[in-house]
Amino acid sequence: MKKKTGGISLPAIEGGSPVRGELLPFSPPLIGREEIDGVTAVLKSGWITRGRKCEEFERALENYTGAKNAVVLSSATAGLFLSLVIAGIGEGDEVITTPYTFAATANVVLHAGATPVFADIEPGTFLISAKEIEKSITPRTKALIPVDFAGDPVDIGELRAVAEEHGLRIIEDAAHAIGAGRKGVKVGNGPGVTVFSFHAVKNLTTGEGGAVLTDDEKLARMFRLYSLHGQTKDALAKLQAGGWRYDIEVPGYKCNMTDIQAAIGIGQLGRLDENVKTRGAIAKAYGEFLSGYEYVRVPGSARGFDHAWHLYPLLVDFTRLRLDRDRFIAALAAENVSSNVHYIPVHMMSYYKKRFDYSPSDFPESLAVFYREVSLPIYPGMGEREVSDVLEACAKLFSYYQT
Ligand SMILES: *Cc1c(COP(=O)(O)O)cnc(C)c1O
């Protein structure tokens with residue numbers, strides 16, 4: 001018997017029936033009563049775009065992280081882009097980031113008119129290497145964008161030392177890392193700028209959305225200004241001041257959050273720690289079982305920090321199995337278990353390849369990780385039954401396909 005999945009034809013495995021009866025999703029959002037009631041209240045309130053709910057969500061994010069200022073936006077991409085624009089980074093400037101990330105991290109550098117320069121990840125981690133950063137610094141380098149991959153925080157102290165020595169800014173891409181911390185200090189709390197994503201699959205979602213966190217009051221004001229046309233007063237401020245007059249200080253952009261989204265975010269934030277704990281318990285169960293396979297490397301925090309477990313990136317040495325990574329993913333799907341790959345390194349994307357003349361082996365650590373990586377499902381609504389189904393499917397494939 002053969003089963004067709006994603007164009008790849010797979011042999012049936014003993015018994016013929018899949019581990020699960022129906023497809024286990026990869027990372028569905030967990031939406032509670034608070035979000036539904038919060039959105040309903042906003043919709044009935046007569047004020048649906050940026051207003052009091054956004055302000056309330058900002059104060060809640062400040063409270064949660066310990067950062068002095070939070071500004072909510074339409075996306076993390078907007079937050080990263082505005083961070084560059086506000087810093088005056090543009091044509092002729094270089095920004096160093098990791099190739100092992102989602103493309104938005106590098107795209108924003110191009111949007112700002114600057115040049116993204118990649119520094120490879122540190123062996124044994126998914127995180128940008130400080131050594132590789134130092135090798136890539138030139139007189140044109142203006143900023144670093146490290147990524148807290150999968151929810152594992154980068155060693156910001158180490159990166160800050162490099163940044164200070166060379167007069168660089170740090171914009172932390174913490175799209176995966178709300179809820180993560182470093183020895184008890186939450187990601188988002190500290191000097192520089194931290195950017196969160198509230199996209200549908202992230203640890204906290206507002207459907208689409210993001211936030212920037214900074215201890216710098218003036219910088220926070222700039223984010224507010226630049227995210228709403230460069231207008232000196234938003235609509236609520238005008239209403240509260242009782243006046244219609246405003247000024248345009250800069251030709252700003254349009255990337256504010258709405259109160260509808262903020263209402264979702266407030267509900268989500270109330271359950272974030274609980275959700276991160278559930279993610280951690282799933283990761284622990286996965287790790288305990290899968291570390292029994294000598295050709296599998298289970299993820300953990302590179303520096304012993306508080307991982308937020310946005311993703312569970314497993315590394316498998318497929319030379320020890322009779323199938324490659326893509327067929328393994330198809331075989332998991334045949335068992336009704338979704339999985340994914342994070343990420344195709346940015347330098348392998350056709351635009352970057354052509355424009356910067358990259359070959360895949362230019363960043364050998366990223367390339368090696370990419371060929372071995374399989375992300376297993378991990379989400380707060382996942383129960384013990386689902387976790388054991390995933391492990392049973394992995395065990396079934398490993399025992400059937402190992403050489
Ligand atoms: C999701 C993601 C982004 C972009 O987030 P949006 O809110 O969708 O703009 C940026 N960087 C990384 C690493 C991401 O995973």
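Trp309 counts as buried because its relative accessibility is 11% (buried means under 20% relative accessible area, exposed over 50%, partly exposed in between, with a 1.4 Å probe and protein chains only). Keep in mind that this is a predicted model, where local features need pLDDT of at least 70, side-chain atom pairs count only at pLDDT 80 or more, and totals for chains, interfaces and linings use all residues. Residues are numbered from 1 along each chain as its sequence is written, and side-chain values use heavy atoms, with hydrogens and water left out.

- Most residues other than glycine have a negative phi, and most peptide bonds are trans.
- Trp309 is not a glycine, yet its phi is positive, at about 50 degrees.
- Look for Trp309 in the loop between β12 (296–297) and β13 (312–316); strands (E, at least two residues) and helices (H or I, at least four) are DSSP runs, numbered from the N terminus.
- Ala150 also has a positive phi, near 70 degrees, and sits in the loop between β6 (141–145) and α6 (156–166).
- With 1% relative accessibility, Ala150 counts as buried.
- The His342 to Tyr343 peptide bond is cis, with omega near -5 degrees.
- Tyr343 belongs to the loop between α11 (325–334) and α12 (350–356).

**Around Glu373**

- Glu373 is part of strand β14 (residues 373–376) and counts as buried, since its relative accessibility is 0%.
- Beyond its neighbours within four places in sequence, Glu373 has contacts (heavy atoms within 4.5 Å) that include Tyr100, Phe126, Arg325 and His342.
- The Glu373 side chain reaches the backbone nitrogen of His342 at 2.9 Å.

Conventions: A polar contact is a pair of N or O atoms within 3.5 Å; within protein, one must be able to donate a hydrogen and the other to accept it, and residues adjacent in sequence count only if both atoms are side-chain atoms.
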